[in-house]
Amino acid sequence: MTPGLLNVDQVAAHLQVSRWTVYNLIRSRELASLTVGRCRRITESALHDYITRQTEGEAA
């Protein structure tokens, strides 16, 4: 099964942040991504992992 791939705009909409914030998360390696051609893509599982880490950090 192939994981779903999201573009930066989709991730930004999901997190309700700007594209710039998503690129900063990628740059800081807080959000895993891959490059397809010249396009940056984020797997649904990487997004889920990021959200889980953030919510666990908030609960601690």
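Colleague: Is Thr43 buried or exposed, and what is its relative accessible area?
Modeller: This is a predicted model, and the values are computed from it. Thr43 belongs to strand 3, residues 39-43. Buried here means under 20% relative accessible area. Thr43 falls under that cut-off, so it is buried, with a relative accessible area of 15%.

Colleague: Which backbone nitrogen does the side chain of Thr43 reach?
Modeller: The side chain of Thr43 also makes a polar contact of 3.2 Å with the side chain of Ser45. As for the backbone nitrogen, the side chain of Thr43 comes to 3.0 Å from that of Ala46.

Colleague: What distance separates the C-alpha atoms of Thr43 and Gly4?
Modeller: Along the chain, Thr43 and Gly4 are 39 residues apart. In the model their C-alpha atoms are separated by 5.7 Å.

Colleague: Why do the buried residues of helix 2 line one face of the helix, and within what arc do they fall?
Modeller: Helix 2 covers residues 19-27, and its buried residues are Val22, Leu25 and Ile26. Viewed down the helix axis, these residues line one face because they fall within an arc of 100°.

Colleague: Which exposed residues does the face of helix 2 turned away from its buried side carry?
Modeller: The buried side is covered by elements including helix 1 (8-15), strand 3 and helix 3 (44-59). The face turned away from that side carries the exposed residues Trp20 and Arg27.

Methods
Residues are numbered from 1 along each chain as its sequence is written. This is a predicted model: local features need pLDDT of at least 70, side-chain atom pairs count only at pLDDT 80 or more; totals for chains, interfaces and linings use all residues. Side-chain values use heavy atoms; hydrogens and water are left out. Helices (H or I, at least four residues) and strands (E, at least two) are DSSP runs, numbered from the N terminus. Buried means under 20% relative accessible area, exposed over 50%, partly exposed in between (1.4 Å probe, protein chains only). A polar contact is a pair of N or O atoms within 3.5 Å; within protein, one must be able to donate a hydrogen and the other to accept it, and residues adjacent in sequence count only if both atoms are side-chain atoms. The arc is that of the directions from the helix axis to the C-beta atoms. Contact means heavy atoms within 4.5 Å.
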